[in-house]
Amino acid sequence: MNSPPSPSGAEHTDRSSIRLGALVPLTRPGWVEAGRHLLAGLDLAVREVNDAGGIDGRPLELVVRDTAADPERAAAAVDELAHLGVAAVVGEYHSVVARAAAARADALGVPFLCSSAVLDALTEEPTGWVARLAPAQSHGWRIYADFLLRAGRRRIAVATQPSVYWASGTRVLRDHLAPRGGTVLELDATLTPEALCDALVDHGATALLLLVGHPEPAVPIVRAVRGDRRLAEILIGAPAGQPEFAEWAAALAEDGAGIPFLRYLPERLGPLGERVGKELRGRLGEAPSFVAFEGWDTVAVLAAVLRSHGTDRAAVAESWPRVAVEGTRGPIRFSRTPGVGVWQWTWTPVQVVDRDPAEPDRFRILHAG
């Protein structure tokens, strides 16, 4: 399997190092920019652990594998990493990919700390091998649905592609909105942008949510809706977070502003978050996304676990309910949550934000939950 060299400064073979396998989307069709931010956070935290003396004098080594948003590739990577003797596997951004990785980690008895994927059913059955930092989709998307209701948007259309992730999101929205007077209309994203605009007009939709990939077909859909005078009052939303990254702003310029999305950050970062954010900005050459903070927090949790419970895989997995770590976005503890079969941080802060139309590089907090 082709993969980039480990960026953690441990490219050489060092028998004393403690290896962590990292699953990251670094090539298309994966969301490459998200992968770059996730890896930056993981790598920064590994370097900081090593600069502080490692784990009882042993350095951490990040062994990176590119998933390219491919579930089969991710499962194969977990097999390879397990064979290489990693103490745990971390990372992944795409929910469907993380689900494949979690299933394989569970089957092999390898601890997996998922950084970014939100699909509620990350595993088919409850498991003690998997823990997650990102909030469950049902939690975040209900907050997004509350934002829509508060904004007076009740006739919701979703442009969607076939995916268990998008189907799950649509179900969360419908179940939350229907008892509160909202409706959800599903539109096939294979419609031409012009036909999709006609359907929005015919339905009288007050909001269009983009449950689709980026840049295709999200970018042409946004351009078409923005250019249709009949839809001047419609709200375009992207709960999955497409507008978070600079690539979105570069592709759409002012058309990409004013599109609310979910972001997992507090209103204000504390001293730790501020320090890490400054370091990440220097590495990335741009403002770090919440995904970069997720990466840093992932390694912070595992470093604490390894220091207190050692490198035995079973001991690592058994430690999830005893985790108590100060992360960049608040204190991290894991618990069992109804409907979620893995150990879950309940909850990271959740915001609905958009890019300010008057200043697209600035984010506005519209709602918090």
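This is a predicted model: local features need pLDDT of at least 70, side-chain atom pairs count only at pLDDT 80 or more; totals for chains, interfaces and linings use all residues.
Gly282 belongs to helix H9, which covers residues 271-284.

Gly282 can also be placed relative to Ala34. In sequence the two residues are 248 residues apart, and in space their C-alpha atoms are 17 Å apart.

## Helices H1 and H9

Helix H9 packs with helix H1, which covers residues 32-51; the angle is about 120 degrees and the axes are 10 Å apart. That angle makes H1 oblique to H9. The crossing of the two helices is right-handed.

On the H1 side, the residues that take part are Arg36, His37, Ala40, Gly41, Asp43, Leu44, Arg47 and Glu48; on the H9 side they meet Arg275, Val276, Glu279, Leu280, Arg283 and Leu284. Sorted by class, this contact of H1 with H9 has 7 charged, 5 nonpolar and 2 polar residues.

## Helices H4 and H5

The crossing in which H4 passes H5 is right-handed.

H4 contributes Gln137, Ser138, Trp141, Arg142, Ala145, Asp146 and Leu149, which meet Tyr165, Trp166, Ser168, Gly169, Thr170, Val172, Leu173, His176 and Leu177 of H5. By class, the contact of H4 with H5 is made up of 8 nonpolar, 6 polar and 2 charged residues.

## Thr170 in helix H5

Thr170 is part of helix H5. With a relative accessibility of 3%, Thr170 counts as buried, because the cut-off for buried is under 20%.

When neighbours within four places in sequence are left aside, the contacts of Thr170 are Trp141, Val158, Thr160, Val184, Glu186 and Leu211. One of these, Trp141, is among the H4 residues that meet H5.

## Aromatic pairs

A pair of aromatic rings is described by how far apart the centres are and by the angle of the planes. There are 8 aromatic pairs in the structure. One of them is formed by Trp141 and Tyr165, which are edge-to-face, at 5.9 Å centre to centre and with 75 degrees between the planes. This pair links distant parts of the chain, with Trp141 in helix H4 and Tyr165 in helix H5, 24 residues apart. Both Trp141 and Tyr165 are buried.

Phe261 and Phe363 also pair: their ring centres are 5.9 Å apart and their planes stand at 80 degrees, so the pair is edge-to-face. Phe261 lies in strand E10 (residues 261-263) and Phe363 in strand E16 (residues 359-368), so the pair ties together parts that are 102 residues apart in sequence. Phe261 has a relative accessible area of 0% and is buried, whereas Phe363, with a relative accessible area of 22%, is partly exposed.

## An aromatic cluster

Trp31, Tyr93 and Phe245 form one aromatic cluster.

Note on methods. Residues are numbered from 1 along each chain as its sequence is written. Side-chain values use heavy atoms; hydrogens and water are left out. A crossing is left-handed if the near helix is turned anticlockwise from the far one by less than a right angle, and right-handed if clockwise. Helices (H or I, at least four residues) and strands (E, at least two) are DSSP runs, numbered from the N terminus. Contact means heavy atoms within 4.5 Å. Ala, Val, Leu, Ile, Met, Phe, Trp, Tyr, Cys and Pro count as nonpolar, Asp, Glu, Lys and Arg as charged, and the others, Gly among them, as polar. Rings of Phe, Tyr and Trp (its six-membered ring) pair if their centres lie within 6.5 Å; planes under 30 degrees apart count as stacked, over 60 as edge-to-face and the rest as tilted. Buried means under 20% relative accessible area, exposed over 50%, partly exposed in between (1.4 Å probe, protein chains only). Axes are lines fitted to C-alpha atoms, for helices over the stretch in contact, and angles run from 0 to 180 degrees between N-to-C directions. Angles under 35 degrees count as roughly parallel, over 145 as roughly antiparallel, 65 to 115 as roughly perpendicular and the rest as oblique.
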